[in-house]
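This report covers selected local features of one protein chain.

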Amino acid sequence: MEKKQLLTNIEYFLENYFQSRIIERGKSYFYNGNVSDTYLLNDSFSATVEGTTYYEVTIALNDLKQSHCNCPYEKNCKHMVAVLLELEKILQETASLSLVSTTYLQIDHPEIVRKHLIDDIQPYVDKIYQLLSKNGHYSNDHLKYIVKQFFEELDQIEAKKAAQFKIISFTVLMDEIIKKATDYDTYRFRQNRFLAFFNELIQQGYPFLKQEVVEANVPFYEWYTSLLLDQTNKKEIEAPYEKLISTWLLCEERENVLIIHAKQLLSLNNKNNQIYLTKLASLLYLQANDGASSLTLLKQLKSKLHNSELVDHFLIMERKKDFVMMKHWFDLFFPHEKPKQGTMLGKLFEEMLIETGSEEEKLTIVWKNWLEHPQFGSYKSRIKKSDPLEKRKILKYIIPKLRADLYRPQTEATYYNIVTEEELFEEGIHSLLTHKKDVYVISPEIEKMLKVIIKKQPQLLLPFYHQLVERLVQKKSRVHYEEAAAFIKKLKIIYEKLNNTHTFNLYKNGLKQRFKTFRAFIQELNKIDK
């Protein structure tokens, strides 16, 4: 939906569907900064609002009346007002791109297009610069929306070569904003925000970069490569240009072209940028499947590079599924202390071990790390690469450790999900009987396990339901007697499935005898026969 129309819809919605007192309270939340974690999609805008607790609000952009908040009020509440005002602010602060003339866009020469755009895009540059340089908090989603709007507006402009036009446009935008921020000395004060914007610009522009490289349009490719490499002649390359140059050159997959570029970078005699140029040349050699040359260059920089700067190299190896080379590189660059868990290198290291490590390494490193923050999703992604024998050993290692930590809700949920997934039903029932104090308080994960067991191995539930009945009856209240009777009905169904109604009748009569003074319970028990 167009920005102008959406703003009109929000204004109408607020005026006609909310009470004035609700709007005033929502404004208070908005102005006090209670709205956070904003997330904008094509058809919805969601955010968290801090009130008496934290509430989740989702705005349906195509039909505002379908918007929702998870507070007790549910619809047209003060939390929704606050989020609508936040959305309105984002929309109003997003600049509109308006080109004075577009005749030059039909020209084939990219340099001519670029020079015209530099002048034509200045009003837009000014607006974006003002947004990025002023005080106040800007979420990543806000920046994403600004960039998304920029590319959507470029879509509305007819250009002879659309992808090339978009590449030139976002490059000019980046150039001009950096110049303005440098001239006014605001870049260093808002560097993180500017970098986040430029990274988002490159990320959303990546499909067009890749398209041009794949289509191998030689004149444009050579012109744009030359334009970017001119940045390497400067005293110091700005971080956004480092990112853009790397992204553009690594779109290339032709090995001969990659090697030509690598040699070209190494031939540039600029001492200030030598580390960056050497590192990028190393990446290009690696992309060209020349790991030996790539490694030789990195060894020259070993004392000057922090190991975290090697992430891009390891990501290329992961993309190529070359885990043997990855193992060799980890041994070389991390001979003593391995990458920390939770970092990108730590994740890549674990992935490499899953593919190439010994059984002992997988257990003591991969799964030991996993046990620090166990989650069912990450368990499934790791375990799928193990053969049946390895899986049994892994389960033998992790199950007792999970069982020892069942007092943690996240661990308990993961444990019972794994027990259900791997059909370790005896393990699950034994754990319920021996470790769970409040067995009648059943989580969704346990409920799921019980449903699977009753279909596949119902006899395993007999001791669990028997214990549930005993504990509930001892609570000595009508509510607990009713719950106990419900589980006795489940026992009856299981015994019938097992063709053993005689044993169930003996059990039921035994309950009547033992608890004959519990009149309310006996009443519930008698209802089962009716």
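D185 sits in the loop that joins α7 (162-183) to α8; helices (H or I, at least four residues) and strands (E, at least two) are DSSP runs, numbered from the N terminus. The model is predicted: local features need pLDDT of at least 70, side-chain atom pairs count only at pLDDT 80 or more, and totals for chains, interfaces and linings use all residues. Residues are numbered from 1 along each chain as its sequence is written, and side-chain values use heavy atoms, with hydrogens and water left out.

Most residues other than glycine have a negative phi. D185 is not a glycine, yet its phi is positive, at about 60°. N499, also a residue other than glycine, has a positive phi near 55°. N499 belongs to the loop between α24 (478-497) and α25 (501-514).

Buried means under 20% relative accessible area, exposed over 50%, and partly exposed in between (1.4 Å probe, protein chains only).

| Residue | Relative accessibility | Class |
|---|---|---|
| D185 | 36% | partly exposed |
| N499 | 71% | exposed |
| P409 | 64% | exposed |
| C69 | 0% | buried |

P409 is part of helix α20 (residues 409-421). Its C-alpha atom is separated by 16 Å from that of M449, 40 residues apart along the chain. C69 is in strand β4 (residues 68-69). Between the C-alpha atoms of C69 and Q204, which are 135 residues apart along the chain, the separation is 30 Å.

How do two of the helices pack? Helices α17 (residues 359-372) and α19 (residues 388-403) meet at an angle of about 35°, and their axes are 11 Å apart. Axes are lines fitted to C-alpha atoms, for helices over the stretch in contact, and angles run from 0 to 180 degrees between N-to-C directions. The crossing of α17 past α19 is right-handed, meaning that the near helix is turned clockwise from the far one by less than a right angle. On the α17 side, the contact (heavy atoms within 4.5 Å) is made by E359, K362, L363, W367, K368, W370 and L371. The α19 side supplies E390, K393, I394, Y397, I398, K401 and L402. The contact has eight nonpolar, no polar and six charged residues. Here Ala, Val, Leu, Ile, Met, Phe, Trp, Tyr, Cys and Pro count as nonpolar, Asp, Glu, Lys and Arg as charged, and the others, Gly among them, as polar.

The structure holds three cavities of 30 Å³ or more. On a 1 Å grid over the protein atoms alone, a cavity is a set of points where a 1.4 Å probe fits but cannot get out, and a pocket is an open set with protein on both sides within 12 Å along at least five of seven lines; lining residues have an atom within 4 Å of a point. The second largest cavity has a volume of about 60 Å³, a volume being the space filled by probe spheres set on the points. Its lining consists of E359, K362, L363, E390, K393 and I394, with α17 and α19 the elements that give two or more residues.

The largest pocket holds about 730 Å³ of space. Of its 25 lining residues, K243, S246, T247, L250 and D312 are the closest to its centre. Elements giving two or more residues to this lining are α8 (191-215), α10 (239-249), α12 (274-287) and α14 (311-319).
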